[in-house]
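Q: Please take me slowly through the helical packing and the pocket lining of this model, as I am new to it.

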Amino acid sequence: MTGPRLRFAPSPTGYLHIGGVRTALLNWLWARKTKGAFVLRIEDTDQERSTPESRQVILDSLDWLGIDWDEGPRVGGPHGPYTQMERLPLYKEMSERLIAGRKAYRCYCTKAELDAQREAVKQKDPKATFRYPGTCRDRTDEPDLPFVVRFRMPDEGTVTYVDKVFGEVTTPNAAQQDFVLIRAGGVPLYNFGAVVDDVTMGITLVARGRDHMVNTPPQILLYRAFGAAVPEFAHLPMMLAASGEKLSKRHGAVSVTEYRNEGFAPGAVLNYLVRFGWSSGDQEVFSVDELIEKFDWANCGKGDGKFDAKKFLAIDHEHLRSPRLVPDDEYVTRVLPFLAKRGIENPSSAVVRAALPAIRDRAHTFVEAADLLDFFLRDTPVMDEKAADKALVPAAATLLRGLIGALAKVASWEEAALDEEIKAWALREGIAFKDVAQPARVALTGRSASPALHQVMAVLGKDVSLARLERAASRAEARA
């Protein structure tokens with residue numbers, strides 16, 4: 001691949017946050033649009049919180065969303081390993097290079113010493129921010145003591161870069177301190193690990209949330225210290241809760257797994273997330289192919305966006321009702337597990353497919369779709385007893401038997417013919433359609449609300465439809 005190289009580097013410390021998915025998505029879209037490479041790497045240096053289970057959740061979530069990677073766990077690549085704890089020897093080697101070039105140094109200050117210095121600053125000025133004073137900067141001895149490796153921050157000058165979203169950004173070096181690159185145990189801190197990985201993996205564009213803008217100046221200095229090309233940067237507006245706070249669990253569902261379990265379509269999740277900070281005219285609903293075609297950094301805004309659960313659900317509804325966005329084959333495949341959760345064993349794919357035109361416009365999620373499909377797939381529908389008590393009264397028995405007689409003569413059991421015969425029979429008998437429609441609906445579906453009767457019966461078939469109407473008529477008679 002000759003295009004740009006982008007990466008997504010999540011930490012396996014819990015669920016995959018939808019904010020992280022938005023970052024992965026925009027990187028992936030640009031890689032796919034430009035015929036570049038999308039690299040997945042796992043930043044697992046937080047050993048207290050990182051777990052194999054969380055790593056698997058990341059992989060499974062990206063798989064479900066359809067975000068594939070060209071290099072990384074499971075697929076390999078020429079720049080592996082792609083998990084940071086497997087790269088510790090590389091970080092040690094790269095830190096030694098910086099030390100040899102006097103661009104970094106070993107710091108032997110203990111935690112107790114640093115805490116005392118920090119407290120002294122606080123006592124002098126409670127509002128002051130502690131900055132490491134460079135105690136070990138010019139040490140020439142190498143005692144046999146634990147040490148961290150610190151970067152030797154330039155005393156003067158500035159770091160300037162042109163962000164693809166925020167434009168030119170300048171930070172004075174005096175605002176920085178000699179930050180730690182590697183802990184005493186050999187594990188890198190975020191800035192160092194990320195830069196070493198970017199350099200050795202040839203990353204040319206780093207796109208991430210704007211909360212990382214504070215990390216960019218020290219990282220640029222590290223790229224330069226290695227004599228490496230500095231990648232481009234694109235910092236993205238944040239996803240916030242309705243209250244304006246950082247979006248978190250307390251504001252509702254924020255993990256990919258939750259949306260998968262709630263029956264959202266993967267394409268709808270991507271569609272909603274891409275609209276945080278990016279637009280393409282007035283268009284709201286996109287297929288994945290359209291997103292790849294239309295995405296660019298020029299149309300990314302700087303303003304943070306507030307998460308809107310209702311709009312998210314509306315986008316999912318638009319996807320589920322559109323065969324263009326969710327083709328029938330995909331719809332059937334995705335709804336089957338939700339039918340199984342309802343206790344419907346071995347649901348018929350053919351019946352589900354036949355019923356889709358009747359339920360597509362109604363279902364906002366695959367969970368709702370499974371509920372709407374339920375009565376099509378059972379031998380007898382689950383009866384809403386309140387609806388039955390209200391609709392299947394003794395007088396309904398006569399109406400249902402009359403309808404059975406009319407329908408039994410229908411030769412072509414198709415929607416148009418069924419609709420025509422039901423209306424013609426009601427007209428011949430002088431019956432208001434509503435008077436027979438509700439008992440028939442409860443008889444066929446067990447519910448007071450459903451798709452049109454002719455749609456329901458066309459899917460159920462003649463024998464099942466007439467049998468359900470007959471059972472309901474008998475129930476109504478039994479109440480006399």
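A: A residue is called buried at under 20% relative accessible area (1.4 Å probe, protein chains only). The model is predicted, with local features needing pLDDT of at least 70 and side-chain atom pairs pLDDT 80 or more, while totals for linings use all residues. Numbering runs from 1 along each chain, and side-chain values use heavy atoms, without hydrogens or water.

Helix α8 (a DSSP run of H or I with at least four residues) spans residues 266-274 and is mostly covered, with nine of its nine residues buried. The buried residues of α8 run from P266, G267 and A268 through V269, L270 and N271 to Y272, L273 and V274.

On the α17 side, F433, A437, A440, R441, L444 and T445 make the contact (heavy atoms within 4.5 Å), and they meet L453, V456, M457 and L460 of α18. Sorted by class, this contact of α17 with α18 holds eight nonpolar residues, one polar and one charged.

At least two lining residues come from each of β1 (5-8), α1 (18-33) and β8 (205-209), and α1 gives the largest share, five residues. By class, the lining of the largest pocket has twelve nonpolar, twelve polar and nine charged residues.

Key
Nonpolar A, V, L, I, M, F, W, Y, C, P; charged D, E, K, R; others polar. Buried < 20%, exposed > 50% of the residue type's maximum accessible area, 1.4 Å probe, protein only.
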